[in-house]
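Me: Could you show me how to read aromatic pairs and a nonpolar core in a model like this one?

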Amino acid sequence: SQQHVMVNSKRFRAWLELLGFRLLAGTHPIVPIMLDDVTLANQFATGMWDEGIYVVGFSYPVVHKSKARMGTQKAAEIKKQNVGFDRGAVARVKRQLNI
């Protein structure tokens, strides 16, 4: 349901902020993680792929050169254990890239 999507997104957003990521403000299910560097955004997306999670790195010309980001999104079907898996993967990739 739409409500479940919003709950998942809100929890994921709060957790990313606790990790120290800068996010674009909003209450929508897409949670853009601002990385500001094209190479870093692509490396993060690749690291997530290696963890088994598909995300997209966005950079110029899709967004401004200094606004590179990684796009994440939660679905209604995501179960609590999957959110934990996603959190662990994000934390591991963050450490690997020394962010």
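We go through the fold, the ring pairs and the core in turn.

Reply: Happy to! This is a predicted model, in which local features need pLDDT of at least 70 and side-chain atom pairs count only at pLDDT 80 or more, while totals for chains, interfaces and linings use all residues. Residues are numbered from 1 along each chain as its sequence is written, and side-chain values use heavy atoms, with hydrogens and water left out.

Me: How many helices and strands are in the chain?

Reply: Helices (H or I, at least four residues) and strands (E, at least two) are DSSP runs, numbered from the N terminus. The chain has 3 helices and 4 strands, in the order α-β-β-α-β-β-α from the N terminus on.

Me: How do I read a pair of aromatic rings?

Reply: You describe a pair by the distance of the ring centres and the angle of the planes. Rings of Phe, Tyr and Trp (its six-membered ring) pair if their centres lie within 6.5 Å; planes under 30 degrees apart are stacked, over 60 edge-to-face, and the rest tilted. By this rule there are 2 aromatic pairs here. F21 and F44 are edge-to-face, because their centres are 5.7 Å apart and their planes stand at 75°. F21 sits in the loop between α1 (2-18) and β1 (22-23) and F44 in helix α2 (residues 38-50), so this pair ties together parts 23 residues apart in sequence.

Me: What lies over the face of F21?

Reply: A charge sits over a ring if NZ of Lys or CZ of Arg is within 6 Å of the ring centre and within 35 degrees of the ring normal. Here K94 lies over the face of F21, at 5.8 Å from the ring centre.

Me: And how do I read a nonpolar core?

Reply: In soluble globular proteins, nonpolar side chains tend to be buried together. A core is a set of buried Ala, Val, Leu, Ile, Met, Phe, Trp, Tyr and Cys residues joined through side-chain atoms within 4.5 Å. The largest one here has 21 residues, and those with the most contacts inside it include F21 and F44. α2 gives the most to this core, with 5 residues.

Definitions and conventions: Buried means under 20% relative accessible area, exposed over 50%, partly exposed in between (1.4 Å probe, protein chains only).
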